Every structure is written in structure tokens, then in C-alpha cells.
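Me: I have a structure to go through with you. Can we start with the packing inside and then move to the aromatic rings?
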Amino acid sequence: MNCLFCKIIAGEIPSTKVYEDDRVLAFLDISPAAPVHVLVIPKEHITSAADITAENSSVIAHIFEVIAKIAKEKGIDGDGFRVVSNAGEHGGQTVHHLHFHILGGEKLSLRIC
């Protein structure tokens with residue numbers, strides 16, 4: 001498979017890990033859009049939010065538990081943060097492996113909401 005995030009999970013491409021367990025990996029975005037910009041991905045290849053099913057949805061709940069933990073660790077839980085997942089070409093998805101951006105550390109623009 002020629003998936004960038006699958007290669008990061010496999011250790012073929014380096015990343016700055018923030019969190020890892022048997023189901024998910026979180027790492028710093030290489031082009032941060034905010035002072036805190038972390039990507040959280042399932043280790044199972046799911047192409048996008050459009051491909052979440054009853055069979056794989058438990059990992060999504062786990063991802064949001066991890067997001068809350070990371071937000072606390074990064075100190076952005078009090079003032080707030082944004083979670084974004086782009087789906088498909090029109091949604092702006094550039095890596096076709098489901099991922100969630102945690103953005104925070106400053107007041108974020110409302111333009112993209």
C-alpha cells in the first residue's frame with residue numbers, strides 16, 4: 001500500500017510521536033496550522049470518515065478519548081481546541097487515511113467552521 005500514514009505507522013517514515021497504543025498513533029503535524037497541531041490516526045487503514053462502519057466505529061470513540069487526553073497534556077483543554085477531519089477531495093482530504101487534526105494554543109479563526 002502506498003499510504004503515507006500507513007508508512008508512518010510501520011516506522012518507514014519518521015514522525016514525532018505524541019501518543020501511541022495498539023489502536024491509534026498521534027504525532028505532530030509537519031506543517032502546523034496552530035501552535036498545537038497534532039494528528040491522530042487509527043492504525044487500521046480506514047480511508048475517510050465516509051468509510052466508518054459499525055464494524056470499525058469503536059476505534060473512533062477511542063480516538064476521541066485519546067484526543068481529550070492529548071488536549072489535557074498539551075494544556076489546551078481549558079481554553080479550547082478544534083478537531084477537524086477532512087473527507088474526500090471536496091472536503092480537502094490530502095492523505096487518504098482517516099485522521100483527526102487537533103488544533104489549539106491560540107484563538108482560532110471561525111472562517112473554516
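Me: Which residues touch the most other members of the largest nonpolar core?
Reply: Val38, Val40, Ile63, Ile70 and Ile102, in a core of 18 residues. This is a predicted model, where local features need pLDDT of at least 70, side-chain atom pairs count only at pLDDT 80 or more, and totals for chains, interfaces and linings use all residues. Residues are numbered from 1 along each chain as its sequence is written, and side-chain values use heavy atoms, without hydrogens and water.

Me: What counts as a nonpolar core?
Reply: A set of buried (under 20% relative accessible area, 1.4 Å probe, protein chains only) Ala, Val, Leu, Ile, Met, Phe, Trp, Tyr and Cys residues joined through side-chain atoms within 4.5 Å.

Me: Which element gives the most to this core?
Reply: H2, with seven residues. Helices (H or I, at least four residues) and strands (E, at least two) are DSSP runs numbered from the N terminus.

Me: What is Ile70 in contact with, leaving aside neighbours within four places in sequence?
Reply: Val18, Tyr19, Ala26, Val38, Val40 and Ile102, where contact means heavy atoms within 4.5 Å.

Me: Now the rings. How are Phe64 and Phe100 arranged?
Reply: Their centres are 5.4 Å apart and their planes are at 75 degrees, so the pair is edge-to-face. Rings of Phe, Tyr and Trp (its six-membered ring) pair with centres within 6.5 Å; planes under 30 degrees apart are stacked, over 60 edge-to-face, the rest tilted.

Me: Is Phe64 buried or partly exposed?
Reply: Partly exposed (between the 20% limit for buried and the 50% above which a residue is exposed), at 40% relative accessibility. Phe100 is buried, at 6%.
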